[in-house]
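Dear colleague,

Please find below the structure that I am handing over to you, together with its sequence. My account of what was found in it comes directly after.

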Amino acid sequence: MDNESRFLCEAIVLAHTNSQNGGRPFGALVVKDGEVVASGVNEILNTNDPTAHAEMTAIRLASQKLKSANLQGCTVYASGHPCPMCMAAAAGRRKRSCLCLLQR
């Protein structure tokens with residue numbers, strides 16, 4: 001399995017686990033240089049924060065861990081197609097990429 005598939009599978013496992021724990025079925029990873037920097041799940045129901053999407057949670061944690069809002073060179077892996085807010089955050093001011101599992 002290549003890295004892209006592996007990271008997408010990890011995002012799906014996060015989403016499934018979150019769903020089993022009563023959350024919404026979304027998970028995301030931020031990866032840099034082949035290493036997971038941060039992961040997140042949808043926390044809207046737990047936090048009552050409408051912006052606590054999995055991608056946003058992972059991006060916030062990655063920024064804190066890397067001590068920078070510039071996540072250039074990072075890739076966001078999402079278990080589903082990100083909403084416009086999450087896509088904008090993933091693109092940011094600096095070039096980043098976002099890979100997601102598209103549902104048909």
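The paragraphs that follow go from the overall fold to the cores, then to one helix and several individual residues.

Please bear in mind throughout that this is a predicted model.

**Overall fold**

The protein contains 4 helices and 4 strands, and these occur along the sequence in the pattern α-β-β-α-α-β-α-β. Of its 104 residues, 38% count as buried. Among contacts with a separation of 6 or more, 45% are made by residues 24 or more positions apart.

**The nonpolar cores**

In soluble globular proteins, nonpolar side chains tend to be buried together. In this model, the largest nonpolar core has 15 residues. Those with the most contacts inside it are Val 30, Ile 59, Ala 62, Leu 71 and Val 76. Five elements each supply at least two residues of this core: β1 (27–32), β2 (35–41), α3 (54–66), β3 (74–78) and α4 (84–91). The most is given by α3, with 5 residues.

**The aromatic pair**

A pair of aromatic rings is described by the distance of the centres and the angle of the planes. The count for this protein is 1 aromatic pair. Phe 7 and Tyr 77 form this pair, which is tilted, at 5.1 Å centre to centre and with 50 degrees between the planes. Distant parts of the chain are linked in this way: Phe 7 lies in helix α1 (residues 3–20) and Tyr 77 in strand β3, 70 residues apart. Both Phe 7 and Tyr 77 are buried.

**Helix α3**

Helix α3 has 13 residues and reaches 18 Å from its first C-alpha to its last, close to the 18 Å expected at 1.5 Å a residue. Its buried residues are Ala 54, Glu 55, Met 56, Thr 57, Ala 58, Ile 59, Ala 62 and Ser 63. These buried residues pack against β1, β2, β3 and α4. After the helix comes Lys 67, whose phi is positive, near 55 degrees.

Within α3, Ala 58 counts as buried because its relative accessibility is 0%, against a cut-off of under 20%. Ala 58 and Gly 40 are 18 residues apart in sequence, yet 4.3 Å apart in space, C-alpha to C-alpha. Not counting residues up to four places away in sequence, Ala 58 touches Ala 28, Val 30, Ala 38, Ser 39 and Gly 40.

**Leu 14 in helix α1**

Leu 14 has its place in helix α1. With a relative accessible area of 25%, Leu 14 is partly exposed. Gly 40 is a neighbour of interest here as well: Leu 14 and Gly 40 are 26 residues apart in sequence and 7.8 Å apart in space, C-alpha to C-alpha. Beyond residues up to four places away in sequence, Leu 14 is in contact with Gly 27, Ala 28, Leu 29, Ser 39, Gly 40 and Val 41.

**His 53 and the cysteines**

His 53 is placed in the loop between α2 (44–47) and α3. Is His 53 buried or exposed? His 53 counts as buried because its relative accessibility is 17%, and the cut-off is under 20%. With residues up to four places away in sequence left out, His 53 touches Val 41, Asn 42, Ile 44, Cys 83, Met 85 and Cys 86.

As for the cysteines, how many disulfides are there in the structure? A search of the whole structure finds 0.

With kind regards

Technical notes. Residues numbered from 1 in each chain as written. Predicted model: local features only at pLDDT ≥ 70, side-chain atom pairs only at ≥ 80, totals over all residues. Heavy atoms only, no water. Core = buried A, V, L, I, M, F, W, Y, C linked by side-chain atoms within 4.5 Å. Buried < 20%, exposed > 50% of the residue type's maximum accessible area, 1.4 Å probe, protein only. Disulfide = S-S within 2.5 Å. Contact = heavy atoms within 4.5 Å. Expected span 1.5 Å × (residues − 1). Phe/Tyr/Trp six-rings, centres within 6.5 Å; stacked < 30°, edge-to-face > 60°.
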